Amino acid sequence: MHQPLTYEVNGDAIREERMQAGLTQTELARRAGISPRYVSYLETGTRRHMGPKTYRRLREVLNATDARLRLTPPRPTEDPPQPPERE
């Protein structure tokens, strides 16, 4: 069974980046194409996982780095392919 690729995000960093950019939760939500409630959930830690498309939009609006916004690397949908064996 495959789990979808998700990003675990740091809600405190999202809030700090939003405030540094001078945006309200509503404005950030509008620009990123998500709901203000979702932004609130992310910032408070109620929600910590985001899909890749939504995450990229949020990161672009905040002009932030992965290192700043993510808690852990993305969870892969399956085991990575193994390199070919050398003969």
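Is Glu-43 buried or exposed? I began my notes with this residue, keeping in mind that the model is predicted.

**Entry 1: Glu-43**

I looked up the relative accessible area of Glu-43 and found 3%, so the residue is buried, the cut-off for that class being under 20%. I then placed Glu-43 in the chain and found that it belongs to helix 3, which covers residues 36-44. Leaving aside residues up to four places away in sequence, I listed what Glu-43 touches: Gly-11, Asp-12, Ile-14, Arg-15, Arg-18 and Gln-25.

**Entry 2: Arg-18**

From that list I followed Arg-18, which lies in helix 1, residues 11-20. Its relative accessibility came out at 10%, and Arg-18 therefore counts as buried, since the limit is 20%. Again without residues up to four places away in sequence, the partners of Arg-18 are Leu-23, Thr-24, Gln-25, Leu-28, Glu-43 and Leu-62. I noted that Gln-25 is touched by Glu-43 and is also touched by Arg-18.

**Entry 3: helix 2 against helix 4**

I looked up the geometry of helix 2 (residues 25-32) and helix 4 (residues 52-62), and their axes come within 9 Å and cross at roughly 120 degrees. The crossing of helix 2 and helix 4 is right-handed.

**Entry 4: the whole chain**

Last I turned to the protein chain as a whole, which has five helices and two strands, and whose elements run β-α-α-α-β-α-α from the N terminus on. Of its 87 residues, 30% are buried. When I took the contacts between residues at least 6 apart in sequence, 70% of them turned out to join residues at least 24 apart. For the surface I noted that the protein chain exposes about 6200 Å², of which carbon and sulfur atoms supply 48%.

Key
Residues are numbered from 1 along each chain as its sequence is written. This is a predicted model: local features need pLDDT of at least 70, side-chain atom pairs count only at pLDDT 80 or more; totals for chains, interfaces and linings use all residues. Side-chain values use heavy atoms; hydrogens and water are left out. Axes are lines fitted to C-alpha atoms, for helices over the stretch in contact, and angles run from 0 to 180 degrees between N-to-C directions. Helices (H or I, at least four residues) and strands (E, at least two) are DSSP runs, numbered from the N terminus. A crossing is left-handed if the near helix is turned anticlockwise from the far one by less than a right angle, and right-handed if clockwise. Buried means under 20% relative accessible area, exposed over 50%, partly exposed in between (1.4 Å probe, protein chains only). Contact means heavy atoms within 4.5 Å. Accessible areas come from the Shrake-Rupley method with a 1.4 Å probe; for residues, only the protein chains shown count as cover.
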